[in-house]
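Please take a moment with the sequence and the model below, and then follow the paragraphs that come after them.

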Amino acid sequence: WVLVNWRQAGLLIVGILLFPLIIAGVVLNTIFLVREIKKNEQHDAFINAVTHELKTPVASIRLYLQTLQSRQLDEGKRQEFYKVMVEDSDRLLNTIEQVLRAGQGGTRLKHRQLAPVDLRSLVSECLVLTRTRHHLPDGAITYHEALAADTPPRILGDEDDLRAAVTNLLDNAVKYSGPTVQVDVELEHTEASQATLRVRDQGVGIAPTELKRIFKRFYRARNIVTTRVKGTGLGLFIVQSVVARHGGKVFAESPGLGQGSTFTVQLPASLPS
Ligand code: ADP
């Protein structure tokens with residue numbers, strides 16, 4: 001009787017110890033499964049978005065070319081068609097560049113890529129590009145500077161990469177502004193060793209839980225307003241990779257949905273010698 005009871009007690013203890021382990025295993029398994037499903041969903045959404053972004057301009061260019069080929073058009077109409085085709089090919093090039101740049105992700109800057117970059121002229125170049133690309137009126141994007149010395153900050157880095165990062169931030173500010181675009185850009189260089197760029201919009205805003213996630217590759221916030229806007233979820237990932245490669249950091253702030261957002265980039269900088 002004693003032996004039988006000891007056996008049962010032993011089994012009971014083993015059962016009590018194993019039960020939480022099995023439950024923990026099931027919970028962990030479910031968590032990983034859900035994560036994997038979400039990742040797959042993001043990949044699918046990304047493939048759909050990229051396919052759409054590649055197909056649409058090509059289809060449009062093809063249509064215009066066919067029209068030019070098959071009809072006699074006056075000079076005015078032809079010039080209008082050329083303009084649309086150039087815009088479409090810019091859009092195509094932009095998507096391809098985004099995908100290629102995202103692929104470079106965590107690679108380090110090569111020594112030969114490093115050159116002093118004048119941040120002020122780079123930002124003003126990106127402002128012109130954004131205004132033209134989105135057909136914005138002059139007042140839609142304002143620009144301010146707060147510089148300790150009268151000289152613009154210089155960054156030791158890759159100009160193309162930095163241009164892509166700043167353009168992505170400006171593009172997003174416009175894209176997620178809704179019908180009325182009011183974007184403020186501020187360049188600050190009051191600390192000798194650091195330059196700060198702020199891009200503030202009055203748009204759809206970001207929920208507090210999404211503020212960090214939006215920098216992940218393929219991630220797109222799921223609120224109704226942002227899902228209506230087309231995108232691949234690569235822009236902010238590129239911004240973060242570029243800024244990190246230059247030894248800086250980037251973060252987003254927003255009082256909440258519908259209340260605008262501010263993106264701040266901090267980069268190690270120096271004054272021109
Ligand atoms: P995409 O714009 O192609 O979706 P991004 O990586 O540039 O990809 O942005 C990721 C997500 O972050 C966007 O889908 C959007 O939900 C959110 N986001 C980015 N910029 C802003 C902004 N200025 N205002 C509100 N939401 C933004």
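Around the ligand there are 21 residues, counted as near when one of their heavy atoms lies within 4 Å of it, and those that come nearest are Asn172, Tyr176, Arg220, Thr232 and Leu236. This is a predicted model, in which local features need pLDDT of at least 70 and side-chain atom pairs count only at pLDDT 80 or more, while totals for chains, interfaces and linings use all residues. Residues are numbered from 1 along each chain as its sequence is written, and side-chain values use heavy atoms, with hydrogens and water left out.

Arg220 places a polar side-chain atom 2.4 Å from an oxygen atom of the ligand, and Leu236 has a backbone N or O atom 2.8 Å from an oxygen atom of the ligand. In the side chain of Asp201, an N or O atom is 2.9 Å from a nitrogen atom of the ligand.

The axes (lines fitted to C-alpha atoms, for helices over the stretch in contact, with angles from 0 to 180 degrees between N-to-C directions) of helix H4, residues 159–175, and helix H6, residues 235–245, come within 9 Å and cross at roughly 140 degrees. Helices here are DSSP runs (H or I, at least four residues), numbered from the N terminus. The residues that make this contact include Asp161, Leu162 and Asn172 of H4 and Leu236, Val239 and Arg245 of H6.

Helix H2, residues 75–104, packs with H6 at an angle of about 45 degrees, their axes 9 Å apart. Among the residues that meet there are Gln98 and Arg101 in H2 and Phe237 and Arg245 in H6.

Methods:
Helix = DSSP H or I, 4+ residues; strand = E, 2+ residues; numbered from the N terminus. Contact = heavy atoms within 4.5 Å. Polar contact = N/O pair within 3.5 Å; in protein donor to acceptor, adjacent residues only side chain to side chain.
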